[in-house]
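The exercises below are meant to be worked through with the sequence and the model open side by side. Please try each task before reading its solution.

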Amino acid sequence: MMLRAVETICQSDTGRQRRENEDSAYAASPLFVVADGMGGAQAGEVASRIAIETFQGGLEGDGSPEERLAERVRTANRVIHDRSRTEAGREGMGTTLTAAYVDDSQLAIAHVGDSRAYLFRDGQLSRLTQDHSLVDELVRRGKLTEEQAAEHPQRSIITRALGPEPDVEVDTFTYPVKAGDVLLLCSDGLTSMISEQDVARVLASTEDLDEAARALIQAANDAGGRDNITVVLFRLEEVGASPDGAGAVDQPTTIEGPPSEPPTSAGAAPAPEVAGASAVAVAPGPAARIQPRGPEAGSTDTPLRSRRRVKLVAALVAVLAVLLLVGGGGYLATRQLYFIGTNPQGIVTVYRGLPYSLPAGIPLYETYFESGVPASVVPPDRRRQIFNNDLRSQSDAVKLVRSIELGRVSK
């Protein structure tokens, strides 16, 4: 059985609290894409536009649909990352992306970030993607309940996106689909404002996908409209007699930000806007990574830099003290000492031991507990107090990290 999208709707709205629209979308059966930019000052719009442009040539090439989707995503990531490093005003820009491709009776998906894909079948809504976000990671680890996640102050922080790093990990899936299925791709401006139960109720209330898309956007705006809202809906039906799916490709529908090279002169005309759309960034890009003192102590991101001389003397004293402890059989006492830092991935981590290394590069500490929380969620003025490598008891260190996980560390 071969399926195609017989009805395709692609709509975007600025929302109630944003001035511009950093979302972009593309819909041309059998390929559908939603991207939610981040970075501000039009950088997010540029990032999401680049992502969409990468897919506008279709999905020709070798490999499975999953492989071809993932390759397009990686290509977009490289372009966004390179431009963020070489163009003024683009530093830190990035975008989420969720792409779907209808292949006979299967749906292939490539996904990065917290935009989502859903399947609506027989009145039931099923989420097909998993958010790459702070709170979803904590829920998966059993550290937060769904109810706590819904109210978490860092619920908009994403842990994976296109652009921040030279390489990106892409989630890919393939799901069986059938005639009558309705697929929804959306930015988090929808799902952060209304529940999945509300989404299901709207989709069940009408078979007109245009009406459903408008109702979903209206519901998100009625709930506050804190972010841009983009919705792509399409219904699958069996292809007729044409064995090659002739007539199955609709005219492309594209919603995107300004041209990737926006005017910069004072008298230049503003970039054209999509009717009904205005956008904004979903979440800040990753902050500079804060490393624990140790093998990476020379990194410009460590707390060591600002007090280099004093800390160097302290480190030498500590090393001598440890050598004496080892010689005297007291080294085991240091195993009862803990400090808080971040691992090489910038994740808040509890270490056991002393925050130094021997001259040969042998660390005097070991990882005790990784929280899964990026250091970037900690307010900047609290980072000096937390990531200062002060020695703590086990209970104090774990309690403080737990507070960070629950979003209770404030200014």
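**Exercise 1. Find the element that holds Val-46, and decide whether this residue is buried or exposed.**

Solution. Begin with the secondary structure, where helices (H or I, at least four residues) and strands (E, at least two) are DSSP runs numbered from the N terminus; Val-46 lies in helix α1. Next, take the accessibility: because its relative accessibility is 0%, Val-46 counts as buried, a term that means under 20% relative accessible area, with exposed over 50% and partly exposed in between (1.4 Å probe, protein chains only). Finally, look along the chain to Arg-83, which is 37 residues apart from Val-46 in sequence and 9.8 Å apart in space, C-alpha to C-alpha.

Before going on, note that this is a predicted model, in which local features need pLDDT of at least 70 and side-chain atom pairs count only at pLDDT 80 or more, while totals for chains, interfaces and linings use all residues. Residues are numbered from 1 along each chain as its sequence is written, and side-chain values use heavy atoms, with hydrogens and water left out.

**Exercise 2. Describe where Asn-77 sits and what its side chain reaches.**

Solution. Asn-77 is placed in helix α2, and it counts as buried because its relative accessibility is 1%.

**Exercise 3. Which residues touch the most other members of the largest nonpolar core?**

Solution. A nonpolar core is a set of buried Ala, Val, Leu, Ile, Met, Phe, Trp, Tyr and Cys residues joined through side-chain atoms within 4.5 Å. In the largest one, which has 28 residues, the answer is Val-33, Phe-55, Leu-69, Val-73 and Leu-97. Among the elements that give two or more residues to this core are β3 (31-38), α2 (65-86) and β4 (94-103), while α1 gives the most, with seven residues. A second, separate core of 22 residues includes Met-193, Ile-194, Val-202 and Ala-212.

How values were computed:
A polar contact is a pair of N or O atoms within 3.5 Å; within protein, one must be able to donate a hydrogen and the other to accept it, and residues adjacent in sequence count only if both atoms are side-chain atoms.
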